[in-house]
Every structure is written in structure tokens, then in C-alpha cells.
Amino acid sequence: MGKIYQIAIDGPSGAGKSTIAKLIAKKLGIDYIDTGAMYRALGYKMLQLGITEDNLEAVEELLKTTEIDFSKGDIILDGTVINDLIRTPEISMKASACSALAIVRKHLVKVQQEMGEKKSVIMDGRDIGTDVFPNAPYKFFITATPEERATRRYKELTEKGETVSYEETLKSIIERDYNDSHRAVSPLRKADDAEEVDTTDMTIDEVIEYICSKIDE
């Protein structure tokens, strides 16, 4: 068995972090942990149960009875695969709101750290290199212009049959950027020792090749 290491991928919404991280995991033969999906899953469950972010007692109880796991690319909430159910604009905003809660972040960060201690992993999110794995040997901050990210997200949503406009998608991206970078708990920011990768004019293959070239197994 080789050494255990962590790869941290951070960046704003719609930058392609998840797609890139999944493909790198496959190429390197390590596990991919979609931390953003963990917050989306929790936000989805909160919406289903009618729990709001300001009801901290209910949120705390929810965390005690919620199990989030990953298996073969699927995200599993309490035993049920919820992949497509958590990729809507409504869930995006709910995930951003619940991820700003200290009790939520503390709980999920602990779960994420435990995963990374047992095996080599690649994780993507907003605070992997700064909070979850501050000592990770490989850190990348993936970004792109808001317009390019909105174009990508708009295409993704319309291909899934969602009825959205490009203007709405761009507005949502800009709002999400502001909320994520201005929240009090673990705001979005590039770790001092992370390498920034602007993917605006790069293909997915080019990004993967570049990052993999920086990883010394």
C-alpha cells in the first residue's frame, strides 16, 4: 500500500471543481469526496423536513440522525441515492445557507477529516485547503470568470431539463460568490500555499493534465 495523501481542490461555484476532481480521482485511482454535495444533501433534507437555518436546535438534532456517504460516484443520504435531486438552484442556495452554520461545518469537517485519514482522497469545496486539510501536500484553487461559470452551469441545467435563463444563472453565481466569500464561518478564500488555476480558456483535459503533473505519488 502506498502513502496516504490528500489533494485539496477549492474554488467558487460553477468552476468545474467536481468534474475535475472526479476525473483526477479516477486517473490516480483514489477516492473522490464531494464535500459540496454533503452540504447540498443536508440542505435537501432540511427543505424536505421544513427546517430553517435559524432553528439551530432542529439542525443539531438533524445532524445526529443524518448519514451521508459516497459509493462509486453516488452520493447517498440515509441509504438513498440523491444525485440529481441536489443539483438545482434552490438546493444550491440552501446549501450555501446551511454551510454558513458553525455547527454544520464543524460536524461535516470532522467527517471529511476522518475520511482523509484512512485513505488517499481528493476533495473539492470552499475550504478544503484552508480548514479541512490545511496540511494537505497538494492544494489547488480552481476558478473562472463569472460569465464562463454561468455559461457552464446554464448548459448543465438545461441539459437536465431545467427551465432557467442565462441571466438568472449568472445572477445566482454572483450572489453565491458574494455569500460564500463574506460569510463569518470559513469563507471562500484561496489558501496561501494553494496554486490558482484559471480554467476560463482551458479544456477539462488540459486542467486534469496540468494538476496531475504537479502530483508526486
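**Helix packing**

A: Helix 3 (residues 56-64) packs against helix 5 (residues 102-118) at an angle of about 10°, and their axes are 10 Å apart. Axes are lines fitted to C-alpha atoms, for helices over the stretch in contact, with angles from 0 to 180 degrees between N-to-C directions. Helices are DSSP runs (H or I, at least four residues), numbered from the N terminus. So helix 3 is roughly parallel to helix 5 (angles under 35 degrees).

Q: What can I trust here, and how is it numbered?
A: This is a predicted model: local features need pLDDT of at least 70, side-chain atom pairs count only at pLDDT 80 or more, and totals for chains, interfaces and linings use all residues. Residues are numbered from 1 along each chain as its sequence is written, and side-chain values use heavy atoms, leaving out hydrogens and water.

Q: Which residues in helix 3 and helix 5 meet?
A: Leu56, Val59, Glu60 and Leu63 in helix 3 meet Ile103, Val104 and His107 in helix 5 (contact: heavy atoms within 4.5 Å).

Q: Is Cys98 buried or exposed?
A: Cys98 counts as buried, at 0% relative accessibility. Buried means under 20% relative accessible area, exposed over 50%, partly exposed in between (1.4 Å probe, protein chains only). Cys212 also counts as buried, at 14%.

Q: And where is Arg153?
A: In helix 7 (residues 146-159). Arg153 is buried, at 18% relative accessible area.

Q: What does Arg153 touch?
A: Not counting residues up to four places away in sequence, Arg153 touches Ser13, Gly14, Arg40, Ser92 and Thr169.

Definitions and conventions:
Helix = DSSP H or I, 4+ residues; strand = E, 2+ residues; numbered from the N terminus. Parallel < 35°, antiparallel > 145°, perpendicular 65-115°, else oblique.
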